[in-house]
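Please read the following points beside the sequence and the model.

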Amino acid sequence: MPGPRCLVRGSMNVDEFFQGKRQALRKFKLKEIVRPGETISSENLVKRPGGKGANQAGALARAGAIVDLVGAVGHDAVWVRDQLRDTGISVENVSIVEENTGRALIQVNEAGENSIILYKGANYASIPPYEIHPDTTHAVFQNEIPLSSTIECLLRASSSHISTIFNPSPLPSVEELKTFPWKQLTWLIVNSGEALDLCKALSLEVAQDLDASTSAVNNAKPLLSALSSHMPTTNVVCTLGADGVLVQFVPEGDMSNSATPISFPAAKLHGTIRDTTGAGDCFTGYMVAGLMRLHGQNITDRDYDAVFKMAIQAAGMCVEKRGALASVPLLAEVEARLKSA
């Protein structure tokens, strides 16, 4: 019997990696991000599939999910579609358009922190109508395509009782955020900066001022409470990097009976942080894949605990390697790491 499927309506880019002299995959061999007026040499150029839509679809596939990607590339990079197909993603609804494929130019410093310049390209092109597979249980969205396209697909999914997941990165404009159909959203995934900006854009009253002397978790809790009050039918997830993940559940079931956000600690790394570029997309893909495995079940606190531990562990393993999609671990690798912990 066919299993649940996930629809990803999102971006597809060519990620351009510049190789440095001493390390095989330095996007830039930098101590710091390139400064204005500075020129840096590289020895080689590697191009790989990228874009938040493609990265999250790839993470879902590596986490064992059946995933359909809807998006567009140009004639200049049909290989992006083909390589994504090779990772196990269904690309039947990936259109080939006249516009050039989207691009991402990524800089990474020695601490693994990144800075990204995006060219939207084919991600903003018109694509033909597409059908949502009847076995689809979850739909994932980001913000590297026109927001109108995201909302159109989200409303279609919601009306079909499909769980909807939105990772609004980069954050839409204030006016777009004010008119977004939050009531149709099942899960919202943001980082702490996005949570703060979202609260400001929606003019939400936060219970306490942020305090630089307190922990990231304690600073994020009032933000999630404010967002949850504005969107009471949406589960809100806030990623906090080295401080783990904070989740405000919709009140139902065991764990989600609490009105207080639940904190999940970060994974313990087996090496240094090499590159954080794909960590957020890896987390999203593994989180949604975990939720898909629970579809149709009476979900308990232990179930949610397992989903988030798995997603956090996968993201932790992701930052130990260089690259975006290339650094996402396979499900068996994550399971083995959890067993050895």
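1. Ser-203 sits in the loop between H5 and helix H6 (216-230), where helices (H or I, at least four residues) and strands (E, at least two) are DSSP runs numbered from the N terminus. Its phi is near 55 degrees, a positive value in a residue other than glycine. With a relative accessible area of 60%, Ser-203 is exposed; the classes used here are buried for under 20% relative accessible area, exposed for over 50% and partly exposed in between, with a 1.4 Å probe and protein chains only.

2. A word on the basis of these values: this is a predicted model, in which local features need pLDDT of at least 70 and side-chain atom pairs count only at pLDDT 80 or more, while totals for chains, interfaces and linings use all residues. Residues are numbered from 1 along each chain as its sequence is written, and side-chain values use heavy atoms, with hydrogens and water left out.

3. Further backbone features deserve a look, given that most residues other than glycine have a negative phi, and most peptide bonds are trans. His-161, in the loop between H3 and S9, has a positive phi near 65 degrees and is exposed because its relative accessible area is 76%. Ser-169 and Pro-170 are joined by a cis peptide bond with omega of about -5 degrees, and Pro-170 belongs to the loop between strand S9 (163-166) and helix H4 (174-179).

4. How much space lies in the largest pocket? The volume is about 1200 Å³, where a pocket is an open set of points on a 1 Å grid over the protein atoms alone, with protein on both sides within 12 Å along at least five of seven lines, and lining residues have an atom within 4 Å of a point. Of the 42 residues that line this pocket, Asn-191, Thr-276, Thr-277, Ala-279 and Gly-280 are the closest to its centre. The elements that each supply at least two lining residues include strand S2 (13-19), helix H1 (52-62), strand S10 (187-191) and helix H7 (279-293), and H7 gives the largest share, five residues. By class, the lining has 20 nonpolar, 16 polar and six charged residues; Ala, Val, Leu, Ile, Met, Phe, Trp, Tyr, Cys and Pro count as nonpolar, Asp, Glu, Lys and Arg as charged, and the others, Gly among them, as polar.

5. Asn-191, among the residues closest to the pocket centre, is found in strand S10 and counts as partly exposed because its relative accessibility is 31%. Leaving aside neighbours within four places in sequence, Asn-191 is in contact (heavy atoms within 4.5 Å) with Cys-238 and Thr-239. The C-alpha atoms of Asn-191 and Thr-239 are separated by 4.7 Å, although the two are 48 residues apart along the chain. A polar atom of the Asn-191 side chain also lies 2.7 Å from the backbone nitrogen of Glu-194.

6. Helix H1, which also contributes to the pocket lining, is mostly covered, with ten of its eleven residues buried. Among these buried residues are Lys-52, Asn-55, Gln-56 and Leu-60.

7. In soluble globular proteins, nonpolar side chains tend to be buried together. A nonpolar core is here a set of buried Ala, Val, Leu, Ile, Met, Phe, Trp, Tyr and Cys residues joined through side-chain atoms within 4.5 Å. Within the largest such core, of 52 residues, Leu-60, Trp-187, Phe-283, Tyr-286, Met-287 and Phe-308 touch the most other members, and H8 supplies the largest share, ten residues. Apart from it lies another core, of 35 residues, including Ala-201, Leu-204, Ala-220 and Ala-226. Not counting residues up to four places away in sequence, Phe-283 touches Ile-189, Val-237, Thr-239, Val-245, Phe-308, Ala-311, Ile-312 and Ala-315.

8. Apart from residues up to four places away in sequence, Thr-150 touches Phe-141, Gln-142, Ile-145 and Phe-166.

Key: On a 1 Å grid over the protein atoms alone, a cavity is a set of points where a 1.4 Å probe fits but cannot get out, and a pocket is an open set with protein on both sides within 12 Å along at least five of seven lines; lining residues have an atom within 4 Å of a point. Grid points are joined across faces, edges and corners, and a volume is the space filled by probe spheres set on the points. A polar contact is a pair of N or O atoms within 3.5 Å; within protein, one must be able to donate a hydrogen and the other to accept it, and residues adjacent in sequence count only if both atoms are side-chain atoms.
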